[in-house]
Amino acid sequence: MRVLDTAALLHWPVDQLADGVCAISQQAELERVSPQRSLLVQSLDSIEWRDVPPAWLQDAKEAAALSGDLPRLSDVDVDVLALAIALDATLVTDDYRLQNTMQALQRPTKSVGTTGACLLYTSDAADEEDR
């Protein structure tokens, strides 16, 4: 199972989106960024659109807070992260903050079009660099 972030919905060929899981909140983001692509993606029967329960959101926020990434994640990012964590699914994203949080949880990620994050970044590391 794969949870697809909005970058995958925007850039991947339609056949690669099959069997992906997405947050309903991504529909508005997709519509805002690319109305034509939004129509195409939302017409597919092969994507499972899910609401995110509050308990899943809380788990995602706690995980992102522990990795130091929460302040820089959007609400849609948190929804996508929550799905990936709760469903124990691979998260397909180019967002380094999401990749970092998933790596901190030792959960799998796959990049949409980049090589992806190679190292786990923690807020403690940033503090050390500032000294």
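Predicted model: local features only at pLDDT ≥ 70, side-chain atom pairs only at ≥ 80, totals over all residues.
**Overall layout.** I began with the chain. I counted 7 helices and 5 strands. From the N terminus, I read the order as β-α-β-α-α-β-α-α-β-α-β-α. I then looked up burial: 41% of the 131 residues are buried. Among contacts between residues at least 6 apart in sequence, 50% join residues at least 24 apart. The chain exposes about 7,200 Å², and carbon and sulfur atoms supply 50% of that area.

**Helix H5.** Next I went to residues 75-86, which form H5. I checked the span of this 12-residue helix: 16 Å from first C-alpha to last, close to the 16 Å expected at 1.5 Å a residue. I took buried as under 20% relative accessible area. By that cut-off 10 of the 12 residues of H5 are buried, so the helix is largely enclosed by the rest of the structure. The buried set includes Asp77 and Asp79 as well as Val76, Val78 and Val80. Just past the helix, I found aspartate 88 with a positive phi of about 50°.

**Cores.** I turned to the largest nonpolar core, which has 21 residues. Val3, Leu81, Leu83 and Leu91 touch the most other members. Strand S2 (20-23), helix H4 (54-67), H5 and helix H6 (96-104) each give two or more residues to this core. H5 gives the most, with 8.

Leaving out residues up to four places away in sequence, leucine 81 touches Ala60, Ala64, Leu73, Leu91, Leu98, Thr101 and Met102. I also noted a second, separate core of 13 residues, with Leu9, Leu17, Cys22 and Val41 among them.

Definitions and conventions: Residues numbered from 1 in each chain as written. Heavy atoms only, no water. Helix = DSSP H or I, 4+ residues; strand = E, 2+ residues; numbered from the N terminus. Expected span 1.5 Å × (residues − 1). Buried < 20%, exposed > 50% of the residue type's maximum accessible area, 1.4 Å probe, protein only. Core = buried A, V, L, I, M, F, W, Y, C linked by side-chain atoms within 4.5 Å. Contact = heavy atoms within 4.5 Å. Areas by Shrake-Rupley, 256 points an atom, 1.4 Å probe, with all protein chains shown as cover.
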